[in-house]
Amino acid sequence: MIDNSYKASVDRYDESLVSYRRSGNSGIKLPTLSLGFWWNFGGNDSIEESRAKMRCAFDNGITCFDLANNYGPPFGSAEETFGRIYTQDFKPYRHEMIVTTKAGYNMWDGPYGVGSSRKMMITSLEESLKRMTLDYVDIYYSHRYDGETPVEETMQALVDVVRQGKALYVGLSNYPVDVLAKAVEYLEAEKVHPLIYQGKYNMMVRDVEKEHFDFVQKRGIGFTAFSPIAQGVLTDKYLNGVPSDSRVGCGKYLTNANITPEILEKVAKLNDLAKQRGQSLAQMATAWILSHEPVTSVIIGPRTMAQLEDSLNYGNTYFSDQEITMIEEILK
Ligand SMILES: NC(=O)c1ccc[n+]([C@@H]2O[C@H](COP(=O)([O-])OP(=O)(O)OC[C@H]3O[C@@H](n4cnc5c(N)ncnc54)[C@H](OP(=O)(O)O)[C@@H]3O)[C@@H](O)[C@H]2O)c1
């Protein structure tokens, strides 16, 4: 039985657990946490739990919902979940929401269902809008540089969807910094400022610190971090075996190779530090990302309501010099 009685909390901004940060030098502020739909909102997941998580997120100030054409599984089903819940619960709140989608990875059969061609970027957005029951997205991302499509072709497709009113802003994800520079130059020449760069960033994967952070800051572009707790590795869940419902337990994208004894030794030490700070490790890992200046938002991917509530309460983002040194020592 669908509960259609949702009214968003009247305190959603006053008492919000998140705060808002400007995305680069744009006019848009994004919540410190965004809700990501990659794995836990698909056709195989409970629609009622997805609904509960979306409501809880929005009631606590999360205004940004991060999707892509192929999130699920199966592909497309996370956008369908979003569309169903949006239609039933969130239509009155559209102007309070930042909804994103992306194209670039595998989506449908044949040579046009993958990559960053104009054909893919334009037709995929049409399909995404239908699945999400939206007229436009707030941010349309090129999900990745595919290594073969001329970057000018992908960027012109982004420019065109903005001109057509199907996207308000554009973003880029998974681009090497030299290609990112070319892409940004093209977009700026067309007067479509890229709002945000989306990159993998967590305590264990820090590649973006080398060049991307400096680049986005210089160019006035926001940064949003994905896989903030390394898909669950940066929690205490694997310290005493593999829970059957976890990503490693289900063989979903993570395997035992991601939780070697060396990795778990680091995780155990980080977990001790988190306890001393009065945080769960997931909270400390999220707070640590937010303590880095270029970061606008962290995209969380909670499977359960309990995980969402834990992440929402991430708490203190200040790290003393001593704590920073300890973390660097552990991560060496
Ligand atoms: N642009 C890109 O290429 C790209 C790539 C990947 C993701 N993303 C975006 O980023 C979002 C997040 O990525 P992600 O799913 O890899 O994020 P993540 O937060 O690092 O991992 C999510 C997993 O961590 C565990 N978890 C989450 N919160 C927890 C908590 N508070 N306590 C304990 N465990 C917790 C759950 O694992 P269990 O299921 O094992 O419990 C959950 O399935 C995606 O939904 C998507 O929107 C973008």
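**Exercise 1. How many residues surround the ligand, and which are the closest?**

*Solution.* The model examined here is predicted. Step one is the count: the ligand is surrounded by 30 residues. The closest are Gly36, Trp38, Phe226, Gly232 and Gly301. Step two is the composition of this shell: 11 residues are nonpolar, 14 polar and 5 charged. Step three assigns secondary structure: strand S10 (295-300) and helix H10 (305-312) each contribute at least two residues to the shell. Helix H10 gives the most, with 3 residues.

**Exercise 2. Determine in what order the strands close into a barrel, and examine the pairing of S8 with S9**.

*Solution.* The barrel consists of 8 strands in the order S3-S4-S5-S6-S7-S8-S9-S10, with parallel pairing. On average, neighbouring strands of this sheet are turned by 30° against each other, direction ignored.

**Exercise 3. Describe how helix H5 packs against helix H6**.

*Solution.* Two packed helices are described by the angle between their axes and the distance between the axes. For H5 (residues 177-189) and H6 (residues 212-219), the angle is about 15° and the axes lie 10 Å apart. Angles under 35 degrees count as roughly parallel, and H5 is therefore roughly parallel to H6. The crossing of H5 past H6 is right-handed. At the residue level, Val177, Leu180, Ala181 and Val184 of H5 meet His212, Phe215 and Arg219 of H6. The residues of this contact comprise 5 nonpolar, 1 polar and 1 charged.

Conventions. Residues numbered from 1 in each chain as written. Predicted model: local features only at pLDDT ≥ 70, side-chain atom pairs only at ≥ 80, totals over all residues. Near = placed C-beta within 6 Å. Helix = DSSP H or I, 4+ residues; strand = E, 2+ residues; numbered from the N terminus. Nonpolar A, V, L, I, M, F, W, Y, C, P; charged D, E, K, R; others polar. Pairing = 2+ DSSP bridges. Axes fitted to C-alpha atoms, helices over the stretch in contact; angles between N-to-C directions. Parallel < 35°, antiparallel > 145°, perpendicular 65-115°, else oblique. Left-handed = near helix turned anticlockwise from the far one by under 90°. Contact = placed C-beta atoms within 7 Å.
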